[in-house]
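Subject: Structure handover

Hello,

Here is the structure for you to pick up.

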Amino acid sequence: MISVMDLNKAFSTNKETWNQKVAIHAASDFYDLDGFKKGKSSLNSYELEALGDVSGKSLLHLQCHFGQDTLSWSRLGAECVGVDLSDKAIELAKSLNDELNLDAQFVCCNVLDTSKFVKSQFDIVFTSYGTIGWLPSLKPWAQMIAERLAKGGQFYIVDFHPIAWMFDYTVSPPEMKYGYHQKEVIYDEYEGTYADDGKSKMISKEYGWNHSLRDVLTSLIEAGLHIDSLDEFDASPYDVFPDLEINKQGYFELKTKQYPLLFAVKATKH
Ligand SMILES: C[S@@+](CC[C@H](N)C(=O)[O-])C[C@H]1O[C@@H](n2cnc3c(N)ncnc32)[C@H](O)[C@@H]1O
């Protein structure tokens with residue numbers, strides 16, 4: 001177990017790292033901010049198909065980074081609130097919202113503290129691609145999701161598969177190093193960030209945690225949600241792991257096809 005002091009250090013280190021990533025990501029081809037400003041959606045087929053028509057629905061986006069996905073949902077007619085730990089990310093998200101004349105709101109806080117800052121309940125709670133690995137335990141996370149969902153509301157997560165987080169990607173070829181059920185914190189320090197193609201010299205210092213699919217599902221069930229579906233996908237919209245190949249859809253898969261890169265869960269508050 002990590003002590004409260006160490007946990008605070010982990011969150012503040014992660015915040016500092018994410019603050020540094022914002023400007024680099026905003027200038028990257030990966031995030032294509034120019035295309036986004038011209039109207040391109042940053043959303044992918046998985047979440048678009050899972051959530052369907054969001055027009056007129058309220059949507060809480062957890063760990064929204066600098067808001068591209070939140071604002072893409074806004075463009076589709078959802079009334080959005082985005083939450084993120086990084087003040088630089090929230091600053092940029094708010095300025096994009098103003099520049100694009102949209103009506104999303106953004107809140108800077110630890111996602112686990114969302115209910116202290118956001119009091120309304122939502123038709124949809126959404127989170128995607130690189131989220132729960134920053135959290136030490138899913139129990140308070142799932143509890144908060146249940147609190148923030150309106151009755152009949154839907155939760156949807158699509159994120160990288162826990163098998164993908166068993167590997168150490170700082171060595172080449174990646175080594176299977178971390179336990180599927182590992183509870184201990186994982187600390188990584190490396191040059192660069194996933195969105196910059198090796199150009200940036202920033203040092204990413206990151207504390208993370210692995211969570212099994214069972215942990216994801218049981219945390220949501222224990223918080224009172226009904227699980228509607230669990231999916232596993234071989235293809236990721238993002239080329240963020242070594243040795244992936246592009247498929248016909250333009251998504252990325254392991255050349256070996258040995259394990260899925262993504263999982264997705266849909267749950268409802270009855
Ligand atoms: C990989 S990004 C999420 C991906 C997102 N879909 C996007 O648009 O790229 C991870 C985000 O989680 C945020 N984050 C990390 N730890 C957090 C925490 N404890 N509470 C809230 N946000 C956190 C980071 O600041 C970052 O913006």
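**Salt bridges**

Asp-243 and Lys-255 form a salt bridge, with their closest N and O atoms 3.3 Å apart. A salt bridge here is a side-chain nitrogen of Lys or Arg within 4 Å of a carboxyl oxygen of Asp or Glu. Asp-243 sits in the loop between E10 and strand E11 (244–246), and Lys-255 in the loop between strand E12 (252–254) and E13, so the pair ties together parts 12 residues apart in sequence. Helices (H or I, at least four residues) and strands (E, at least two) are DSSP runs, numbered from the N terminus.

Asp-243 is exposed, at 56% relative accessible area. Lys-255 is partly exposed, at 49%. Buried means under 20% relative accessible area, exposed over 50%, and partly exposed in between (1.4 Å probe, protein chains only).

Before you go on: this is a predicted model, where local features need pLDDT of at least 70, side-chain atom pairs count only at pLDDT 80 or more, and totals for chains, interfaces and linings use all residues. Residues are numbered from 1 along each chain as its sequence is written, and side-chain values use heavy atoms, with hydrogens and water left out.

The salt-bridge count comes to 13. Lys-201 and Glu-191 form one of them, at 3.4 Å from N to O. Lys-201 is in the loop between strand E8 (186–191) and strand E9 (203–208), while Glu-191 is in strand E8, 10 residues apart. Lys-183, Arg-214 and Asp-215 are linked in a network of salt bridges.

**Helix H8**

Ser-219 lies in helix H8 (residues 213–222). Ser-219 is buried, at 7% relative accessible area. Its side chain reaches the backbone oxygen of Val-216 at 2.8 Å. Leaving aside neighbours within four places in sequence, Ser-219 is in contact (heavy atoms within 4.5 Å) with Leu-138, Lys-139, Trp-141 and Ala-142. Other buried residues of H8 include Leu-213, Asp-215 and Val-216. Just after H8, Gly-224 takes a positive phi of about 105 degrees.

**The ligand**

What surrounds the ligand? There are 18 residues around it, the closest being Tyr-31, His-65, Asp-84, Leu-85 and Val-111. A residue counts if one of its heavy atoms lies within 4 Å. A polar side-chain atom of Asn-110 is 3.1 Å from a ligand nitrogen. A backbone N or O atom of Ser-128 lies 3.2 Å from a nitrogen atom of the ligand. Taken alone the ligand exposes 600 Å² (Shrake-Rupley method, 1.4 Å probe), and the protein buries 96% of that.

Best wishes

Definitions and conventions
A polar contact is a pair of N or O atoms within 3.5 Å; within protein, one must be able to donate a hydrogen and the other to accept it, and residues adjacent in sequence count only if both atoms are side-chain atoms.
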